[in-house]
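I set them down in the order in which I checked them.

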Amino acid sequence: MNHLDFDVEPAEYSRPADAWPQSTPSPKPPKEIPPLRNQSSSPGAAQALVSLVMLGVLLLATRFLVPTLVEEIRYAWHRGELRAEYESSGEGLRNVSMNSLAQAYQMVTQRVGPSVVHIDVERDLTEQERELAVAIRRGSGMELPGDQGSGVIVDDQGFVLTNYHVIEGGSDIHVGLSDGRRVSAEVVGMDALTDIAILKIEANGLLPVRWGDSDKSEVGTPVWAVGSPFGLDRTVTFGILSGKHRATKAGTRYQDFMQSDVAVNPGNSGGPLINSAGELIGINTAIVGETYRGVSFSIPSNVAKQVYERLRSSGYVNRGWLGVALDEVPESRRHGDDPLIRGALVRGLANGSSPARNAGILPDDIIIAFNSQPVRDMGALMRMVGDTTGGSTVSMEIYRGDTTRLLDVEIGMRPDDLKR
């Protein structure tokens, strides 16, 4: 390849003299315009305005969106609980044998069935006396006088617990046992105020019921009634315990009924109310009206047991006496924070010497505690006094005016004219 070399003179050296650049004066800078004062368009004011707008939007969002969000979360949580219960119950039902549940019910019946007896009563009542008894009891809730009822064996020595009104006026009483035997019965003792009576039969191989604790029986628990409604021996009905501390027209102030929805009819009186452990927790006693209407009442086992032990030992109940006329406490005079604990108002004192007068209790006092136990109402105080043996000394807390006092009271024996 051939290489050609050129000698080139730089252009700067070959440019004519008049072609050289001439110096020009520098342009003057523009005159600065001073900023206007007190204009809202300053950066600080604009930023504050934007912040206020954002705060307003946030407050509006909080006002309208947060409650909705909280509600949605709550519903979602509840739906989650429902789904968990739904799934767990389905799994539980697959693992539960209904046959096992039925067998449990049958075992309760088998446990108590041999202890339940049928009672036949012959009464020496004139037609006028019978009509008077019917007139007194009609509509009161207590079973009308009849010729039969129920009972329950509570001791293998032959002691049978029943209602006073079942055997009232009976001249000849017979008891039918679960094994078919029929034996005569003698009255050991009766207490009209609690409607409890004790019979004694002579028979061997008896299977007594086991006592339960009625105070520990909660509302809603399953219960069974066994008896002879309309003469049908050892009929079993089932339900739940519906309430406690009930008063009825058939009852007295010394009765504190338990309520259930177990079907109880004429002939069930005196029969047992049983819990799921096969224990005696009540004696079926009363219904609303002449036939079952969905509500039945029983004497708590703790009351029945206390009366039973007294009747068995002495043939009567040594019931305490205070010697006061009582009334319910009006709302305007109620003390304390619990509206269910009202106490009992003393309206007056018995004439002459009485336990209340001797202890310094005065009319218009409010008795609020008995041996450190709160007094729920007038009936509760009457039962507390009645359950106390005459001659015992107890402490009573009373309100008198605006002050509280504690008194020691020696409970007296209930006079004979007040024992019925």
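I began with arginine 334, which forms a salt bridge with glutamate 331; the closest N and O atoms are 3.3 Å apart. The model is a predicted one, and I read each distance here as a computed value. For arginine 334 I noted a relative accessibility of 24%, so the residue counts as partly exposed.

Next I turned to arginine 333, whose side chain meets that of aspartate 364 in a salt bridge, at 2.7 Å from N to O. I looked up where the two partners sit and found that the pair links distant parts of the chain, 31 residues apart. Arginine 333 is in the loop between β15 (324-328) and β16 (344-349), while aspartate 364 is in the loop between α7 (355-359) and β17 (366-370). Both ends fall between the limits of 20% and 50%: arginine 333 is partly exposed, with a relative accessible area of 25%, and aspartate 364 is partly exposed at 41%.

I also looked up lysine 200, which forms a salt bridge with glutamate 202. The closest N and O atoms of this pair are 3.1 Å apart. Are the two partners buried or exposed? Lysine 200 counts as buried because its relative accessibility is 19%, under the limit of 20%. Glutamate 202 counts as exposed, its relative accessibility being 64%. A search of the whole structure gave me 13 salt bridges.

I then examined arginine 123, found in strand β1 (residues 116-123). With 12% relative accessibility, arginine 123 counts as buried. What does the side chain of arginine 123 reach? I found the backbone oxygen of histidine 165 at 3.4 Å. I also recorded the backbone oxygen of valine 166, which lies 2.5 Å from a polar atom of the arginine 123 side chain.

My last entry concerns the surface. Leu49, Val53 and Val57 make a nonpolar surface patch of about 290 Å². I placed leucine 49 in helix α2 (residues 43-95). Leucine 49 counts as exposed because its relative accessibility is 56%, over the limit of 50%.

Key. Residues are numbered from 1 along each chain as its sequence is written. This is a predicted model: local features need pLDDT of at least 70, side-chain atom pairs count only at pLDDT 80 or more; totals for chains, interfaces and linings use all residues. Side-chain values use heavy atoms; hydrogens and water are left out. Patches are made of residues with over 30% relative accessible area and no salt bridge: like charges are joined within 9 Å, nonpolar side chains (Val, Leu, Ile, Met, Phe, Trp, Tyr) within 5 Å. Accessible areas come from the Shrake-Rupley method with a 1.4 Å probe; for residues, only the protein chains shown count as cover. A salt bridge is a side-chain nitrogen of Lys or Arg within 4 Å of a carboxyl oxygen of Asp or Glu. Helices (H or I, at least four residues) and strands (E, at least two) are DSSP runs, numbered from the N terminus. Buried means under 20% relative accessible area, exposed over 50%, partly exposed in between (1.4 Å probe, protein chains only). A polar contact is a pair of N or O atoms within 3.5 Å; within protein, one must be able to donate a hydrogen and the other to accept it, and residues adjacent in sequence count only if both atoms are side-chain atoms.
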